[in-house]
Amino acid sequence: MNLKPLISISLASLALLAQAAPRSSKANVLDIKESITDSEIVFPESFETDTQKLLESWYLKNYTATDDKYRSADVKTTDDQIRRRLAQLPTVIEMPFNSIVRAYIDRYTQRGRAQVAATLGLANYYMPVFEQALEEQGLPLELKYLPVVESALNPNAVSRHGATGLWQFMLATGKGLGMEVNSLVDERRDPYVSSRKAAKYLKDLYSSYGDWSLAIAAYNCGPGAVNKAIRRAGEGKHDFWSIYKYLSPETRGYVPAFIAANYVMNHYRDHGINPVLPTKPLITDTVGISDRVHFNQISAVLDIPVEELRLLNPQFRADLIPGSPEKTYMLILPSQQVHAYIVSEDQIKAHEAEKYARRETVEPGDMPTGPTMTATELMASDPTIDFISPADNVPAEEVLSAPAKRTVSSSSATTHKVGAGETLASIASRYGVTPAEIKSWNNLRRNSVRVGQQLRVAAPGSVRQQTSVPASQPAQAAQQSKPSRQQSAPATAPSKNSKKNKKQTQKKPTEHSIKSGENLTVIANKYGVSVEEIKKANGMKDDNLRAGNSIKIPVKNSGVSKKSKQSGKSKGSSSRKKGKKKRR
């Protein structure tokens, strides 16, 4: 029997097996990036961003225009298409594809379409800031998409663990990197400072690990957690994917989310997402501030909306720049306003200076002075205050101060039942009184009201103002307080013809052009109407306004103003008509 052919076949088979075995082993190690799976994916907090609130932010409303095409369905895309697009991205950092990365891409392109559109709009302003900081450290520019995962490009984002700002620095990490964090200033929120610190931190992490996937993971959970995962994974060269199962569930999704962010920020159009487009450029510059200046002072003199100052300078937590000769802070302004600030600096500092001055010495009995805060600002500064609706931006002293000796008798009071959507401020506006007076009449300790609650409120014209008469002007005060003959004359019932003529001569609604910084409450107070009346006249479902648009201001049907109602009835006429008084 000739065994030579069989021996030849066996040797050839062994050779093939010997060649195939190393390749198979090597492929298994490399393919872990593509074959890895996870049935319990945890999405970062930024994926749960209130997208509607993001779309209504001051920058997106005033500097961009939204294309609603992102509301359409996602374009069907295969794994091979996404794998090919990731491989073609011009990046230094490796962008592998696997089922986990696909899950994050689907989250962005399906449920998160509106968030992607808003993020693309914000990227017009923030991406150049990130790129400059990364370029200074010589880092890959694709790292600019880390804040998309970290904060959805919200400089005021705060995680449940306390990480803050665009780059989500913890307090200890931020202070360790030399950032100032106190009650007035938080540089973790400063786009420029935090970006420079983040770039430096990422560079140090890469120097420690020599692998960008590990450096990015360490940025999220800290070097300690990554080092622990590497030790548990055993000896050998490691990257993020080889230690994946040894990391916490939150950190496991960080690198896949970063890859998905790079993909969607470059291939959003392939999924039918149209970005929020800029309508005008926002070009900024800085000016050094070495004095204590409030945003309201800058806004009043330079005619810049406070909301814009907050957008550009989120690091100032109380709308106050605590500059001093020893410490200069950089204020970011639209570039065309920087020169105006320098020219008007003395005027800005002098504007209502006594209101914003800080007392260095205080004597017992001194009355405090300070900036006039709105109810919204007061609620933000004191969490114990519970306003039912921050949209009612009435002055805080009107909400909280005691009534100025305005009293109401039981016989002239009316009972108001709180309806859906009503607030203490809106009820007060309806009856021509202040929220503080309603609180006083009903012994309310808080500023919230509930639907169905019965409130004792002064009927129109029944509130009595108790004022003190200065000794130097008794005659003048007496003359002003004495009713005229015309005021004391009893009112006669109007005839049918007079009612008809009154309807014919009733004024048409007034047109009001909305200015930057105005809200419904400010406009309502200006024209002496309620917020609900304006919303009803314009068919509005919410309180959102857009600068430059016009709205109708309804005119009261009554031909007699509240003021004349209160002062135009004498004791005699009041007593005769007491039983016929109409309730509102």
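At what angle do helix α11 (residues 212-221) and α12 pack, and how far apart are their axes?

Author: Happy to walk through it with you. Please keep in mind that this is a predicted model. Helix α11, residues 212-221, packs against α12 at an angle of about 125 degrees, and the two axes are 7 Å apart. That angle makes α11 oblique to α12, because an angle counts as roughly perpendicular from 65 to 115 degrees and as roughly antiparallel over 145.

Now to the residues in between. On the α11 side they are Leu 214, Ala 217, Ala 218 and Cys 221, and on the α12 side they are Pro 223, Ala 225, Val 226 and Ile 230. By class, this contact of α11 with α12 has 8 nonpolar residues, with no polar and no charged ones.

With a relative accessible area of 0%, Val 226 is buried. Setting aside residues up to four places away in sequence, Val 226 touches Tyr 209, Leu 214, Ala 217, Ala 218, Cys 221, Ile 243 and Leu 247.

Helices α5 and α14 pack at an angle of about 90 degrees, with 10 Å between their axes. They are therefore roughly perpendicular to each other. Ile 82, Arg 85 and Leu 86 of α5 make the contact with Ile 259, Tyr 263 and His 267 of α14. Sorted by class, the residues of the contact of α5 with α14 are 4 nonpolar, 1 polar and 1 charged.

Arg 85 leads us on to the charged pairs. Arg 85 forms a salt bridge with Asp 270, and their closest N and O atoms are 3.9 Å apart. If you apply your own cut-off, note that a salt bridge here needs the nitrogen within 4 Å of the carboxyl oxygen, so the pair at 3.9 Å counts. This pair links distant parts of the chain: Arg 85 belongs to helix α5 (residues 79-87), whereas Asp 270 is in the loop between α14 (254-267) and β2 (277-278), 185 residues apart. Arg 85 is buried, at a relative accessible area of 15%, while Asp 270 is partly exposed, at 33%.

Another salt bridge joins the side chains of Lys 349 and Asp 291, at 3.2 Å from N to O. Lys 349 lies in helix α18 (residues 345-350) and Asp 291 in the loop between β3 (284-289) and β4 (292-294), so this pair ties together parts that are 58 residues apart in sequence. Lys 349 is partly exposed, with a relative accessible area of 28%. Asp 291 is partly exposed too, with a value of 27%.

The side chains of Asp 319 and Arg 310 also meet in a salt bridge, here at 2.6 Å from N to O. Asp 319 is buried, with a relative accessible area of 11%, whereas Arg 310 counts as partly exposed at 31%. Elsewhere, Asp 79, Arg 102 and Asp 106 are linked in a network of salt bridges. In total, the structure holds 14 salt bridges.

One more arginine deserves a visit. Arg 189 is in the loop between α9 (171-176) and α10 (191-209), and it counts as buried at 12% relative accessibility. Its side chain and that of Asn 156 are joined by a polar contact of 3.3 Å. Beyond its neighbours within four places in sequence, Arg 189 is in contact with residues including Pro 155, Val 158, Thr 164, Gly 165, Pro 314 and Arg 317.

To finish, here is the wider setting. The protein chain comes to 30 helices and 12 strands. Of its 584 residues, 41% count as buried. Among contacts in the protein chain with a separation of 6 or more, 70% are between residues 24 or more positions apart.

Technical notes. Residues are numbered from 1 along each chain as its sequence is written. This is a predicted model: local features need pLDDT of at least 70, side-chain atom pairs count only at pLDDT 80 or more; totals for chains, interfaces and linings use all residues. Side-chain values use heavy atoms; hydrogens and water are left out. Helices (H or I, at least four residues) and strands (E, at least two) are DSSP runs, numbered from the N terminus. Buried means under 20% relative accessible area, exposed over 50%, partly exposed in between (1.4 Å probe, protein chains only). A polar contact is a pair of N or O atoms within 3.5 Å; within protein, one must be able to donate a hydrogen and the other to accept it, and residues adjacent in sequence count only if both atoms are side-chain atoms. Contact means heavy atoms within 4.5 Å. Axes are lines fitted to C-alpha atoms, for helices over the stretch in contact, and angles run from 0 to 180 degrees between N-to-C directions. Angles under 35 degrees count as roughly parallel, over 145 as roughly antiparallel, 65 to 115 as roughly perpendicular and the rest as oblique. Ala, Val, Leu, Ile, Met, Phe, Trp, Tyr, Cys and Pro count as nonpolar, Asp, Glu, Lys and Arg as charged, and the others, Gly among them, as polar.
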